[in-house]
Amino acid sequence: MEKLPTEGGIATILANPSPDSASDVPEVVLQVVDLKPIGNSSTRYTFMASDGKMKVKAMLPTHFASEINSGNLQNLGLIRVLDYTLNSIPNQTEKALIVTKCEVVASSFDSEIKSEVKKEAEMENEATKLKKEEAAPSIVLKPKQETVVKSAMQIVKEERGNAAPAARLSMTRRVHPLVSLNPYQGNWTIKVRVTNKGNLRTYRNAKGEGHVFNVELTDEDGTQIQATMFNEAAKKFYPKFELGKVYYISKGSLRIANKQFKTVQNDYEMTLNENALVEEAEGEVFIPETKYNFVKIDQLGSYVNSRELTDVIGIVQNVSSTLSIRRKSDNETIPKRDIIIADDSNKTVVVSLWNDLATNIGQELLDMVDTSPVVAIKSLKVGEFQGVSLSTVSKSIVQINPDLPEAHKLRTWYDSEGKGSSMASIGSDMVSPNTKNGARSMYSDRVFLSHITSDPSLGHDKPEFFSINAYISLIKGDQTMWYRACKTCNKKVSEATESGYWCESCGKSDDQCSLRYIMILKVSDPTGEAWLSVFNEQAEKIIGCSADELERIKNEEGDDQYQMKLKEAMWVPHLFRVSVTQNEYMGEKRQRITVRSQALVDPATESKYLLEEIAKLSV
């Protein structure tokens, strides 16, 4: 039998806008019509839910994005609604259906399904039959019992009075999953666990002094949200919230999350004032499901120096020994361990594990590094060290060989082809953080050097990225052109006590090392000149040989040939993708311009670009 939408399904949902539990949800199959993302988002989708006769505007929260991207849930497909919330739309009479849980019944149809209107005779027969059923007597006699008449209010009050505080709160209204909440929703109650607790901080602004405090809350499905409390609410709830405990919370408000300050993957953030209800769910303990939002290694450049934390998954390539790092803030020594991971983008990245993760998980990874385990890491800070680096924070979670579809796919790729592929560090060609869609063109954000050098404030808060077209006008031959690096991790090595070279990062010595470029060069364009910092991968392309080869020329062929090699690279036009940051040196802040990628100027492409720019001026 062909699968079809439930007849009258929309009317059934409208008649039951907020079922008390999943068991009260009616059996309804609906067709997904006009499925599309909300705004520029690729995680939240809207559609028209249709039963063939009626339609209602509907929304799918962020956790359905993977189903849609994989093609499992498609436009014109059928879904069975397993849980939902029906919300009012501000300034409109219609309702919006938020589907919080569903299953796919059919992937897609060729067109929208529309039910045929019943014939008048059939409708009249049904109406007559219904009236007869209503008119038929249905009386059941029961023995007379003495009853005490109580009002509905008395009954409810007695039931709640006999329950524990947390149970009373859960009985007053339905417990909502976090994924169903939005700013336009009325009363709701959530049951969540405190997975991260911030400090009670003091702030000052034009209105005076105040206090602020925030927590990260996670429900049983693994959905997270950040809740913030100010002033009296902060003082009231700071001692009440305890890390790891479960709470019922209601009477809060939601708003669109500020991307600059959010620390969890949620489109909304919660605010609790002093009138909010927060009660501990005594005796209830649950471990939230860990949900990941993995970012490919080659796309990490878009998160550099952002407050937004990221999740990654990769094959472990190398694990260093434990290092002791002295923290500047309190002079305390803390353990650190670096691991190198790779994924199917053929890129690698260094992840720094700190504290217990370095000593426990790090040691476990070191013991099994020869088997190339898969590691999934949640909540990583993305920084800028040699391009891109990752670092764990206090709430980071590390899983080794997790039972996840992404882990199985990565293992299959590595065993079949990845093991023999050549890998490059993401730092070798990091791109602009203004995009999450891969490498930026050398022709985007094009500026003259004067735009960078005339504005000392560029890169003060975060790196700024630009493209420039310039000539290399000077490469100093007497500068330090390279450093001795470990062949495994590319970190700087020192000469061992007896012989060979010692790598502090890997904790081992080796008979050989490699040379890697680290140099400064001057570039010029029609508006001025600037000094650029260049690292190994880009320097090799500019000089035309490796640092090992350049050292050989200097030592074996003499200084003249060495200088000639450098001069060959000068006065050649290049396209550079650069980052601009602020560095402090001797108490003075200076602008640092670093080459992230480079290419020789292609006359045809450059001419096309210039013609397009001229056309814009003409318009």
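## Second largest cavity

The second largest cavity holds about 80 Å³ of space, where a cavity is a set of points on a 1 Å grid over the protein atoms alone at which a 1.4 Å probe fits but cannot get out, and where a volume is the space filled by probe spheres set on the points, which are joined across faces, edges and corners. This is a predicted model, in which local features need pLDDT of at least 70 and side-chain atom pairs count only at pLDDT 80 or more, whereas totals for chains, interfaces and linings use all residues. Residues are numbered from 1 along each chain as its sequence is written, and side-chain values use heavy atoms, with hydrogens and water left out.

The lining, meaning residues with an atom within 4 Å of a point, includes Gln224, Thr263, Glu308, Asp311, Lys378 and Lys395. At least two lining residues come from each of strand 14 (310–319) and strand 18 (374–383), strands being DSSP runs of E with at least two residues, and helices runs of H or I with at least four, numbered from the N terminus. By class, this lining divides into 2 nonpolar, 5 polar and 4 charged residues; Ala, Val, Leu, Ile, Met, Phe, Trp, Tyr, Cys and Pro count as nonpolar, Asp, Glu, Lys and Arg as charged, and the others, Gly among them, as polar.

## Largest cavity

The model has 6 cavities of 30 Å³ or more, and the largest of them contains about 140 Å³ of space. Of the 15 residues that line the largest cavity, Pro61, Thr62, Val179, Asn266 and Tyr268 lie nearest its centre, and the lining as a whole comprises 8 nonpolar, 5 polar and 2 charged residues.

## Helix 11

In helix 11 (residues 547–557), Ala547, Leu550, Glu551 and Ile553 are buried, that is, under 20% relative accessible area with a 1.4 Å probe and protein chains only, whereas exposed means over 50%. Seen down the helix axis, these buried residues fall within an arc of 155 degrees, so they line one face of helix 11; the arc is taken over the directions from the axis to the C-beta atoms. Asn555 and Glu556, on the other side, are exposed.

The buried residues of helix 11 pack against strand 22 (482–485), strand 26 (514–525), helix 10 (536–543) and helix 12 (559–568), contact meaning heavy atoms within 4.5 Å. Gly558, with a positive phi near 100 degrees, follows helix 11.

Strand 23 is joined to strand 24 (residues 501–503) by 2 bridges, and Ser494 has Trp502 of strand 24 as its bridge partner.

Methods: On a 1 Å grid over the protein atoms alone, a cavity is a set of points where a 1.4 Å probe fits but cannot get out, and a pocket is an open set with protein on both sides within 12 Å along at least five of seven lines; lining residues have an atom within 4 Å of a point. Two strands pair if DSSP finds at least two bridges between them.
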